[in-house]
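Welcome, and please open the model in your viewer. Have a selection tool and a colouring scheme ready, and we will walk through it together.

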Amino acid sequence: MPKLSYLKALNRALGDELARDEAVFVLGEDVRAAATNVTAGLHRRFGPDRVLDTPISEQGFAGFATGAALAGRRPVVEFQIPALLFLAFEQIANQAHKFSLMTGGQARVPVTYLVPNSGSREGWAVQHADHPYSLFAHVGVKTAVPATPTDAYGLLAAAIRDDDPVVVFAPAGALGLREDVDFATLAPVPLGSARIHRRGADVTVVAIGHLVQDALATADELAAGDYGDGALPGPVSVEVFDPRTLYPFDWAALAASLERTGRLVVFDDSNRACGIGAEILATAAEGMRLIAPPRRVTRPDGAVLPFARGLDLAMQPNREQLRRAIRQVVGHAPLVQTRPAAQEAVL
Amino acid sequence: MTDPAGLYRVTRLIRRFEERAIELVRAGIIPGGIHPYLGQEAVAAGVCAALRADDLVTSTHRGHGHVLAKGADPPRMLAELAGRATGFNRGRGGSMHAADFSRGILGADAIVGAAAPIAAGAAWAARQAGSDRVAVAFFGDGAVNQGVVLEAFNLAALWSVPVVYVCENNGFATTTRTEAAVAGSITARAAAFGIPASTVDGMDAEAVFAAAAEAVARARSGQGPSLLECLTYRFDAHHTFEHILRPRYRTDEEVALGRSRDPVEIQGARIPAASRAEIDARIETLLDEAVRFARESPHPDPATAADFLYAEGLRPRAGAL
C-alpha cells in the first residue's frame with residue numbers, strides 16, 4: 001500500500017477540494033511558493049485566481065476571506081505560524097464566527113483556517129510555539145486537530161465543505177507522520193466524531209493531535225507492564241481516545257469509553273488553566289462514569305515556551321508525565337460511585 | 001442620472017425613521033438605544049443612489065441610514081431595533097447589526113473599521129464570478145486609524161478590487177475630534193496606496209451622488225477602488241445614552257451651527273413644495289405602519305436563543321444541566 005505523509009495528506013485534500021468545487025480557493029502568505037509545503041504544486045495546477053499570495057496582513061486577509069465567503073466562496077486561509085491567529089482573532093472570533101447568529105441566519109461564512117506547524121518546533125520557541133486550539137474551542141469556533149495523515153485529509157476536506165468557520169490545527173509534531181493508505185478510501189471525516197485508536201479496559205487516555213502517537217507508544221509499554229521505573233503493578237490496558245475535533249466534541253463517544261474503563265487521563269498540549277483538558281475533566285466529572293479521580297497532563301498555566309531545548313521540552317506534556325498520571329489513576333482505590341441515573345444529553 | 005425627488009425621499013425617510021426610533025428608545029420599546037444617523041442622511045442617500053440593487057454594502061454601528069437607503073423595508077428594520085422576531089435578523093442583531101442581506105447588505109458591523117476587508121473580499125468574489133457588481137464599505141473618521149482599514153486599502157489596491165470606501169467624516173470619533181485623532185489627512189491615506197480619493201460635501205445629497213457615481217463607475221469598469229471622504233456633521237448624540245449622560249465635548253453653539261446646514265432641507269429645497277409634501281405624507285404613513293408593526297410583533301422565543309449560532313445541525317450544550 002502506498003505511504004501518505006501528513007503533510008502530503010493536507011496538500012492532497014486541498015488539491016482534491018479545489019478540483020471538486022470551484023468555490024474553493026486558497027490564500028495566505030507564501031502559498032504560491034509553498035513555504036510550508038502544504039500548498040506545493042497548487043498554484044501551477046489551479047492558477048493565481050485560486051491560489052492567492054497575500055501580503056503580510058493577517059487581519060486584512062482574514063476579513064477578506066469572510067467577505068468572499070459571504071459572496072459564495074469557500075476560502076482556505078493558511079497561517080504559517082500559530083501566533084498569527086492572535087492577529088486575526090477579531091476577524092475569526094468576532095466577525096466570521098458571529099455572522100450567522102447576529103444576522104438571524106441570513107449569512108453563512110464557510111472559511112477554513114489552516115495552521116500547519118502548530119505547537120512547538122525545535123528551535124522556534126516563544127512566539128512561534130503556541131498551540132491555541134483551546135482558545136477557539138472556548139469561543140465556539142469549530143476546531144479540528146488531526147492526529148494522523150488519514151484524518152488530516154478527512155478533517156481538512158470536511159472543514160472546507162462545512163458551512164461554518166473551522167480552524168484546522170496540524171501539529172508540527174505530527175507533520176512527519178507517514179501511514180499506509182489506500183488513496184481510494186480517503187474521505188471527509190465528520191466534524192464531531194472521535195476515533196478510538198486502541199481499545200483498552202483500564203483507563204481512557206484522551207490524547208490530542210501529535211500526542212496521540214505518544215499515547216499509543218505509552219499504551220504499548222504499559223500493556224507490557226513496563227512503567228519505565230521498575231515499579232511493576234502489572235500490565236495496564238489503555239484505551240487511546242482521539243477526539244479529532246475539540247469543537248464540536250464527541251461527548252457521547254467519551255461517555256461510552258468511560259463506561260468501559262471508568263478512569264480518565266487527558267493528554268493535552270494546551271496551557272493548563274482553561275485548556276480543553278479542563279473542560280474534558282469537568283464534563284466527565286459532571287455526568288460520566290468515573291471510579292477514580294481523573295488527571296490531565298498539559299502545558300503549565302499560561303505557558304510561554306523558552307528557546308533552549310531543555311527548557312522548551314520542560315514546558316510540554318511528555319510520556320513520563322503521562323505514565324505517572326496513568327499510574328495514579330489506575331492505582332487509585334476504586335471510588336464507589338452511583339452511576340448517573342440518566343446520562344446527560346451530550347452532543 | 002440625478003433624481004432630486006428620490007434623493008429627498010431617502011434623506012427624509014432616514015430623518016423621520018431615526019426620530020421615530022429615538023421616541024421608541026425613550027418609550028422603552030427599543031432596548032439599549034441607538035447610534036442616530038441624524039445629520040448624515042445625504043451620505044447614505046447619495047451613495048446608495050449610485051448603486052444597483054445587486055451591489056453590495058457593508059454598514060456600521062451607525063448604520064440605519066445605509067440599510068434604509070439600500071432599500072430595506074422600514075417596518076422589519078424597526079422590528080429588528082425593537083428585538084422582535086419579525087426583524088431582519090429575527091431579533092438577534094438589534095440596532096448595530098440590523099441588515100437585510102436580500103438587499104445586498106452584507107451586515108452592519110459594530111467593530112470600527114472591521115468590515116473594510118470584508119467588503120473587499122466580497123467585491124473580489126463578485127468580480128471573480130464574472131459579474132460587474134460593486135461593493136461599498138461605509139465607515140467613519142474614527143476608522144481611518146484602524147490597521148485593518150489600511151490593510152484593506154492595500155489588498156483592494158493590489159488586486160484592483162471593485163470596492164468604494166466611503167468615509168463619513170462627521171467630526172467626531174465618539175467624543176474625540178477628528179483633528180485630535182487623525183494625523184495627516186484621510187484622503188492621503190488612500191493616496192498612499194494609489195487609491196483615487198476625493199472629499200465631498202456630505203450635506204449635499206446630489207454632490208455625494210455625483211462623486212459616488214464616478215467612483216462606482218470606476219470600480220465597475222475594472223479600475224479598482226476609490227475613497228470618498230464625505231464631510232458631514234452628526235446632529236445628535238453618538239449614542240442615545242448621551243441624552244441622559246450629557247457628556248460635554250461640543251458646545252450648543254457649535255451644534256447649532258452644524259445643524260444650520262441640514263441635508264434634508266438642502267435637498268428638499270430642490271423639489272416643488274407640493275411633491276415634497278406628498279413625499280412627507282407618504283413617509284409618515286409608512287412609519288406609522290412601521291411603528292405599529294414593531295410594537296405589535298412578537299418577541300423571539302427564549303428557547304430559540306442559540307438558533308443560528310451555526311449554519312446547520314450543531315447545537316451548543318446548554319449552560320446548565
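What follows is a short tour of this predicted model, stop by stop.

**Stop 1: where they touch.** Domain 1 of chain A brings 25 residues to the contact and domain 2 brings 23. On the domain 1 side, select α7 (133-139), β6 (142-144), α8 (149-161) and β7 (166-171) of chain A, the elements that give two or more residues each. Which of them has the largest share of that side? Highlight α7(A), with four residues. Now colour this side by class: 14 residues are nonpolar, eight polar and three charged.

**Stop 2: the sheet.** Show the strands of chain A in the order β3-β2-β4-β5-β7-β6-β12, an open sheet of seven with mixed pairing. Look at β3 (51-53) and β12 (245-247) of chain A: each has a single partner strand, so one side of each lacks a neighbour in the sheet. Ignoring direction, neighbouring strands are turned by 20° against each other on average.

**Stop 3: a parallel pair.** Zoom in on β5 (residues 112-118) of chain A, which runs parallel to β7(A) and is joined to it by six bridges. Pick Thr112(A) and you will find Val166(A) of β7(A) opposite.

**Stop 4: helices on the sheet.** Select α3 (residues 58-70) of chain A, which lies across β2 (24-28) and β4 (74-78) and runs at about 165° to β4(A). Finish with α8(A), which packs on the sheet and touches β2, β4, β5, β6, β7 and β12 of chain A. The direction of α8(A) makes about 160° with that of β7(A).

Technical notes. Residues numbered from 1 in each chain as written. Chains lettered and ligands numbered in written order. Predicted model: local features only at pLDDT ≥ 70, side-chain atom pairs only at ≥ 80, totals over all residues. Contact = placed C-beta atoms within 7 Å. Nonpolar A, V, L, I, M, F, W, Y, C, P; charged D, E, K, R; others polar. Pairing = 2+ DSSP bridges. Axes fitted to C-alpha atoms, helices over the stretch in contact; angles between N-to-C directions.
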